[in-house]
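Hi,

Here is the structure I promised to pass on. Please open it next to these notes.

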Amino acid sequence: MIVTVTMNPAIDKTVDIEALERGGLNRIQKVEYDAGGKGINVSKTIRELGGKSIAAGFLGGNAGRTIEAVLQEKGIPGDFIWVDGETRTNTKVFEKTGEVTELNEPGPHISKEQMEQLIQKLEGYADDQTLFILAGSIPNGVDKGIYAEIIRRVHTHGAKVLLDADGELFRNALDAGPDMIKPNRVELEEYAGYDYRASVEELLQTAREFRGKGIGTVAVSMGKSGAMFVRDGYEVKCPALSVKAHSTVGAGDAMVAALAYAWDEGLDNEQTVRMCIATSAGAVTTIGTKPPSRELVDDLVKQVVIETLG
C-alpha cells in the first residue's frame, strides 16, 4: 500500500502567455486547472502508471472540495482532515521562452490538534506493507520537525517512508531515518554545503553518506544532467532523455511516483531506474502538473541508458 501525504495541497492553475509584462496587461493564451500539491501529484502519476495509492493530508473550503472531486473522478481514494480556511491556489505562468513564474498562496493555518489527528490517521494505515510518501511544503502553524515525527511514529508499526522535501524540513527528517529520499541536485548541494556546482563524484559521495546513515535508496534528480541512484551494491547514473519539453514542473514528483510504484510492484534495481527516468522525462512533456500516460512511459523506458558509477 502507498499513502501519499500532502499537508499543503493546492489547485494548480497553469497559464500560458507570450511574454510576462510586469506592471502591464497580460493576455492569457491557455489556462489549465488541476488538483495539486506534491503528494497529490504523486498519487495522480501512480494512478496513470497503473498503481494504487491513498491520498491524505489537509483540505479546506471550495478549493478543497474541488480537489476531493478531482481525486474521486480519477479513482484515487482520499482520506483528508478538513480544516477551516481555504486550500490554496498556486498559479504558474509559462512564457514562450520557457521561463516560469510561480505565485503560491500560503494556505490555511493548521493547529496542533489537527496535526495529531492526521498522524493518528496515518498510523492507522501503517504496517510492514505500507510506504508513506512525505512530500512538499507544510502549512502555517506546523513545526519543521513534523516529517521526522511522522517517520518515527509510522516506523514503530514497521512502515517505510519515502521523503521528498528541502531545507530545514529535509535536514530535520534525516535524523529519523527515512527509507528512501529523492533530493534534487540543488537540495543536495545545499545540504552538503557546496557553494558551487558539485561534480557527479561529489554528489555520489554525499549520497553514500546518506546510505551510511541507514537510508536504503538515494535518488538524485539532476535536471538536464539526468539522475543518480544509489542503493545497496548498486550505484548508477542515467543521462536525461531527449523529449519535447513543455515544462520541468512536476518532473521530480513523477520520479517519486515511479520510485514508489516500483517498490509496490517489487521491481528490481534496473527496472526501477528505467521507470523513474522514463516517468520523469514523460512529465516534462505535459501541460501543468498532469502526469504522462503509461503508453508514453513504456516507450521512453526503452531509451534509458544506465551508466555504472564508482
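Ile28 sits in the loop between β2 (10–17) and β3 (30–36). Keep in mind that this is a predicted model. Ile28 has 48% relative accessibility, so it counts as partly exposed; the exposed class begins only over 50%. Together with Val31 and Tyr33, Ile28 forms a nonpolar patch on the surface. The accessible area of the three together is about 300 Å².

The largest nonpolar core holds 48 residues. Met7, Met115, Phe132, Ile146 and Tyr147 have the most contacts inside it. Helix α4 (residues 146–155) gives this core its largest share, six residues. There is also a second, separate core, with 32 residues. Among them are Phe229, Tyr261, Ala278 and Val304.

Back to Met115 in the largest core. Set aside its neighbours within four places in sequence, and Met115 is in contact with Met7, Phe58, Ile110, Val142 and Ile146. Two of these partners, Met7 and Ile146, are also on the list of residues with the most contacts in that core.

One more site: Thr217, in strand β11 (residues 217–221). Is Thr217 buried or exposed? Its relative accessibility is 6%, so Thr217 counts as buried; the limit for that class is under 20%. The side chain of Thr217 makes a polar contact of 2.9 Å with the side chain of Arg231. Arg231 is also one of the residues in contact with Thr217 once neighbours within four places in sequence are left aside.

Best wishes

Note on methods. Residues numbered from 1 in each chain as written. Predicted model: local features only at pLDDT ≥ 70, side-chain atom pairs only at ≥ 80, totals over all residues. Heavy atoms only, no water. Patch = residues over 30% accessible without salt bridge, like charges linked within 9 Å, V, L, I, M, F, W, Y side chains within 5 Å. Areas by Shrake-Rupley, 256 points an atom, 1.4 Å probe, with all protein chains shown as cover. Salt bridge = Lys/Arg side-chain N within 4 Å of Asp/Glu carboxyl O. Helix = DSSP H or I, 4+ residues; strand = E, 2+ residues; numbered from the N terminus. Buried < 20%, exposed > 50% of the residue type's maximum accessible area, 1.4 Å probe, protein only. Core = buried A, V, L, I, M, F, W, Y, C linked by side-chain atoms within 4.5 Å. Contact = heavy atoms within 4.5 Å. Polar contact = N/O pair within 3.5 Å; in protein donor to acceptor, adjacent residues only side chain to side chain.
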